[in-house]
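Trainee: Could you walk me through one part of this model in detail? I'd like to look at the salt bridges.

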Amino acid sequence: MTATATLMQEPISSTASAHHLAEDMADLAELIRTLLDIDRGQDTRVRLGGTLFDVVITSSGLQACAAVDLMDAVQDGCGPVIEDPESGWLYWLVPPGSYSRWAPHSHAVCLGAPHTITLPSLTRSTPPGPYWVRPPASDRLIPTGPLREALAQFRPEPTPHAALAARFEITS
């Protein structure tokens, strides 16, 4: 490569890096706004995927509560779980990227980007509205392997597949 070609490439490379940095800063700004909303005790809507988390959705009820109890034992305190009494669903917060690796499950659906979820205020631990069954603790999320096994063992019904397919036009 000639000296001129090298000089021409440098601005192109730095522009690409600046573009990537700008995308990262937008993600950081969104995360900061989200954390500030949560800190102020407000519900806040966040994008799934990215660097935060994906979500596994199951029905709520006795079988799902038994799965939460089992995950308490597996994790020495279950990772974050939200219950939405209106829909009858539990939202299990799992590591980001879980959606792309989630195999179909007869009792659960995993969602990632481009979907969003509304996180209840950290102080909300009872209805009305969505509330934390298990609030977040540090950076702990729920591991998908043990969660899949717990859901296969306790089989929470009714499954969310048909309702989610109708709402989001998804098939798995």
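Is D43 buried, partly exposed or exposed, and what is its relative accessible area?

Mentor: Keep in mind that this is a predicted model. D43 is partly exposed, at a relative accessible area of 37%. Its side chain forms a salt bridge with R124, and the closest N and O atoms sit 3.1 Å apart. That pair links distant parts of the chain: D43 is in the loop between α1 (3-39) and β1 (44-47), while R124 is in the loop between β6 and β7 (131-134), 81 residues apart. R124 is partly exposed as well, with a relative accessible area of 24%.

Now for the rest of the set, as the structure holds three salt bridges. R134 has a salt bridge with D72, with 2.7 Å between the closest N and O atoms. R134 lies in strand β7 and D72 in helix α2, so this pair ties together parts that are 62 residues apart in sequence. R134 also meets D69 in a salt bridge, at 3.8 Å from N to O. Here too, distant parts of the chain are linked, with R134 in strand β7 and D69 in helix α2 (residues 62-75), 65 residues apart.

What about accessibility there? R134 counts as partly exposed at 23%, and D72 counts as partly exposed at 22%. D69 is partly exposed too, with a relative accessible area of 46%.

Key
Residues are numbered from 1 along each chain as its sequence is written. This is a predicted model: local features need pLDDT of at least 70, side-chain atom pairs count only at pLDDT 80 or more; totals for chains, interfaces and linings use all residues. Side-chain values use heavy atoms; hydrogens and water are left out. A salt bridge is a side-chain nitrogen of Lys or Arg within 4 Å of a carboxyl oxygen of Asp or Glu. Helices (H or I, at least four residues) and strands (E, at least two) are DSSP runs, numbered from the N terminus. Buried means under 20% relative accessible area, exposed over 50%, partly exposed in between (1.4 Å probe, protein chains only).
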